[in-house]
Every structure is written in C-alpha cells, then in structure tokens.
Amino acid sequence: MNAQELDFTEIAPYDDSQFANRIAEMVKDPGFEHAIKWVLPSVDYNQFVNLLAASKTKKDFQVNIMQKFLEQLEANTSAGITTSGIENVKPGASYTFISNHRDIVLDASFINLCFLREGMKTSEVAIGDNLLIYDWITHLVKLNGSFIVKRNLPTRQALDAAKQLSAYINHALHVKNESIWIAQRQGRAKDSSDHTQESVIKMLALSGGGTVAQNIAGLNIFPVSISYEFDPNDYLKTREYLLRHRDPDFKKSQHDDLFSMETGLLGYKGRVHIAFASCISHMIEALPEGTDKQEVYQRACHSIDCGIHGGYKILSL
C-alpha cells in the first residue's frame, strides 16, 4: 500500500484548515488554562487566548506563540542556546533530523527555535502517544506540527503502526516537502549512552519503494547533537534507570511522564548547544549494490552515531 492510499489523519499534524476549530476546543479545556497559568504565571489568559485565536496557520502559531514562549523559556531557564553547523542545512530541502534524546519536549523544540531565528522552515516532530495524557496536549502538539508515534501495541498492530508511520514520514518529506525530527531511540537515554536504535532505522526504511539502501538514502537523514550543561531531569532518569534495573517490567505512570515534561521545561539547563552535522545520504549511496540489508542498517546507525557524537560540546566549567 502506498502513501497516497493511506489515511494519516489519526497521526498527522493539523493542517491550516483545522486551526480555528482546534484552538477553540483547546482553550475551553480547564486543564489547558491551568497549565498555561502554571508555566506562565504572569500571563493575561484572555489576552493569550486572543493571540491564539489570531493564529490561522502553523507558521502563525509557531512564530507568534511558540517562538515567543521558547525564547522566554530560554531566558528564564538557561544561559542561552548556541549552534554550529546550521549552515549545512540547505534552505528549502527536506531532511529527517535525528538527534540524541535528553528532554521529552525541548530537544526538538530548541532545534526548531534555531530554525525560526534563521528564517528557515521548522521540522515536524515525532511524539509518542504515551505523552498525550489529555486532549488539550494532543491539540497543542498537533497544532505545533507534531505527528504521533503509537506505542505499546501488540505485535501485529505494532507492525501496521510502523508501516503507517514510515509511510507518513515519506509523505511529509516528498509530498508535503516538510522536514521531520525523530529521536535516535525510543525514550530518553537514561545512562547517556547515545546509540541509534536499529529498530528506528528499520521502521524508516519500510517505505520508499526501493531497496533498503535506496529507501534510507531517500530520507536525507541529518544527525544533530544537543548538549545541555545541566539536565533538570537527571535525578528522575537515575531513579527510572535503577527501577528498571531492579524490575525489567517496571512501567512509568502517566504522572511520571507529565512530571518529567514539567521538570524539563521549568528546570535550569545552563548553557545549551545544538550542533548540526551533515546529511548522510551520500554515505549510504556509496555502499556497493547488493549490500546485505543488515549491513545497511548497521552502517546507517554508525553514520548517525558518528554525526551525533562528533557534535557534543563540553559545557561545564
């Protein structure tokens, strides 16, 4: 089944025609109002709602709402964001940005903030459905250009979901001409071991209509590193790591995810650096014809890891 035959409504971001209705639904939710007043204690909520209502497109929303919010967050919870290698991102091109994963919300958000400041198009962001605890969160992330990754499904359903997700990513890249962001692994690295999960690359390669190597090369994978001087969630990650070590069946609660999001947003991060490597498609295209697909997966993972690890910046004094 090709991308044109699939219905992506369930997982895709809202398109511009849906903005007015979805914003109207979101601002009526008492949970949304409570969250906004918690994160922005000095906000005039009615004025904020009017600003939201004036956003008719994703670009309006990201420039008028998200960019201002993220810049305020940067000023209040960090010592500033610096970048390197952003000139390697060609204007107008569509990429699959893959980065290490430290913070549930801010990894992709800060990367997109860098694009907004440069007048470049932002990327659509992969977000797990385990984080969509309330309807207003679903509305907020889909208004902001996020697409949904279905988690914790039975084997057969998981395969169907992976095929749908892969097809959507190809659709976003090649039909919508949008870049996308996805973490190199499911879940944040609790032990700071940033190695690309092979299953992520296998999922990405499910669509494209060619060989595994051709499908991966066509994704224009672009490694990105994000370095935080301080991780507000470090103690929560350590706790989860120890609990999983003691009990392999340990499962986080929805409250745990919500608290991690809140802690990551509001906690102090110190200096933040985002390093853009370069697109790895040429490395995959250079593989000999007929290369075993398992080796292709391994080469892709290795190239991504090298790009990410090479971009780390030591920020501590």
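**Exercise 1.** Is Glu 198 buried, partly exposed or exposed?

*Solution.* The model is predicted; local features need pLDDT of at least 70, side-chain atom pairs count only at pLDDT 80 or more, and totals for chains, interfaces and linings use all residues. Residues are numbered from 1 along each chain as its sequence is written, and side-chain values use heavy atoms, with hydrogens and water left out.

Step 1. The classes are buried (under 20% relative accessible area), exposed (over 50%) and partly exposed (in between), with a 1.4 Å probe and protein chains only.

Step 2. Glu 198 has a relative accessible area of 24% and is therefore partly exposed.

Step 3. Lys 202, at 34%, is partly exposed. The side chains of Glu 198 and Lys 202 meet in a salt bridge, at 3.3 Å from N to O; the term denotes a side-chain nitrogen of Lys or Arg within 4 Å of a carboxyl oxygen of Asp or Glu.

Step 4. Both residues belong to helix α8 (residues 198–204) and stand 4 residues apart, about one turn of the helix. Helices (H or I, at least four residues) and strands (E, at least two) are DSSP runs, numbered from the N terminus.

**Exercise 2.** Describe the salt bridge between Glu 71 and Arg 117.

*Solution.* Step 1. The N-to-O distance between the two side chains is 3.3 Å.

Step 1. Glu 71 lies in helix α4 and Arg 117 in helix α5 (residues 106–117), so this pair links parts that are 46 residues apart in sequence.

Step 2. Glu 71 has a relative accessible area of 30% and is partly exposed; Arg 117 is also partly exposed, at 38%.

**Exercise 3.** Characterise the packing of α1 against α6.

*Solution.* Step 1. Two packed helices are described by the angle between their axes and the distance between the axes.

Step 1. Helix α1 (residues 19–27) and helix α6 (residues 135–143) pack at about 145 degrees, with axes 9 Å apart. Axes are lines fitted to C-alpha atoms, for helices over the stretch in contact, and angles run from 0 to 180 degrees between N-to-C directions.

Step 2. From α1, the contact (heavy atoms within 4.5 Å) is made by Phe 19, Arg 22, Ile 23, Glu 25 and Met 26; from α6, by Trp 136, His 139, Leu 140 and Leu 143.
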